[in-house]
Amino acid sequence: MQFLEKFKGVGTKPNYEIWENNLVRKINLITLIGFFNVTISFFLFPALNIHSFQNVMLLGIITTPIIIFLNSTRGYLYGAYGFYIIGMIMMTVIAIQLGSESYFINFYFPMTLSVIHLFGRKETLSHIFVILFLFLVSTIIVVYYYSNDLYVLKIEKDNLFKVKIFNIILSLFSGIMEIIIITTESIKHEKTITKMLKEKDVLVAEVFHRVKNNMNIVTSLLNLKKENSNSEEVKNAIEECRNRVFSMALVHQKVFTKNNSSVLNFSTYIKDLVGEITSSMGNKDFSEININTEEIELPLNYAIPCGLILNELITNANKHAKIPSQKLIIAVSLFSENGKRKLIVTDNGPGIQDIKTNFDSLGMELIDSLCQQIDGKYSFENKKGLHFTLEF
């Protein structure tokens, strides 16, 4: 068993992907089955007084280590093509000489099975067609020789029966062994993938946890700096930075809590983010934020930019949309429409004539850049206040 494990591993490389090393092992094992078949045939056919293709059998025995060498030094494609090209040549010659009554044609089925299972991936799909074309050519040649009764050996009746039984048993054995190999290696492959996915999940969770903690530390440092400053301008600038950091930290916190690194429930995230922004503004008596969202999950590469955009819009509304005698009302909506997502943020302020003049340049640059990042289309309109729409 230890020898078999070492033999299977010949040609596997650290820089290969998992499926490539799995393919190398399968090629080695299928080559070993071929070597076994050829070796038995090499000694059996002379015992049945059939000597015509001993040289072909000897070629098969000699070729086996060459195929393993190609597999290990040049790559699995060289090994696979070497195996199938030489195998097709040998099978064509032997099939023609033994004739249709020998049932040697049965060996084509396990060979075809091995091709499909070895190269049945999108990365190697083109090779299936090339190798199956070789099978087709071989079959056409064999059928032509059969139909014209060319080069078929005259085998005694008793020996022909033994050849039939031998070919049926050996072809069936080859097929069963290939199924066992493919199934066993596929199970090992699946276990390896599962193990790696679990390790990845643990590592990703750890990364999110550390990022969350680091961002919380940055948020705390900004809060300390804000409290120690006497300048309102500095305090406002620090508060804007803190909110931006928090909007990103909240994504990592939500993902880490959910233990899912692929998507985020953005409707829940919006509520928490808006609550934090409102709290940090310290003006609950003068502003109201209404949230109306569908249950929508977003990938992280969309959730973070959308969170930052929302932070900029609410912050700017608090800075520019206040009317002294009127309570500021901000509305946030998120919903799906025609296969796309729409984020709408409105306020009941005076609206703006020139966005670039009224908004901070950094905030507008951020919104524009983040919308481009998610391939979104956005617009600002004055509709009894400022009306922002983002479609992505």
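Q: What is pLDDT?
A: pLDDT is the predictor's confidence in each residue, from 0 to 100. The chain averages 81, and 90% of the residues score at least 70.

Q: What should I know about the model and the numbering?
A: This is a predicted model, where local features need pLDDT of at least 70 and side-chain atom pairs count only at 80 or more, while totals for chains, interfaces and linings use all residues. Residues are numbered from 1 along each chain as its sequence is written, and side-chain values use heavy atoms, with hydrogens and water left out.

Q: Where is confidence lowest?
A: In helix 11 (residues 355-358), at a mean of 56; helices here are DSSP runs (H or I, at least four residues), numbered from the N terminus. Where pLDDT is low, the predicted coordinates should not be read in detail.

Q: And highest?
A: Helix 6 (residues 125-147), at 90.

Q: Changing topic, at what angle do helix 3 and helix 4 pack?
A: About 170°, with their axes (lines fitted to C-alpha atoms over the stretch in contact) 8 Å apart. That makes helix 3 roughly antiparallel to helix 4 (angle over 145 degrees).

Q: Which residues of helix 3 make the contact?
A: Val 56, Met 57, Gly 60, Thr 63, Ile 67, Leu 70 and Asn 71, contact being heavy atoms within 4.5 Å.

Notes
Axes are lines fitted to C-alpha atoms, for helices over the stretch in contact, and angles run from 0 to 180 degrees between N-to-C directions. Helices (H or I, at least four residues) and strands (E, at least two) are DSSP runs, numbered from the N terminus. Angles under 35 degrees count as roughly parallel, over 145 as roughly antiparallel, 65 to 115 as roughly perpendicular and the rest as oblique.
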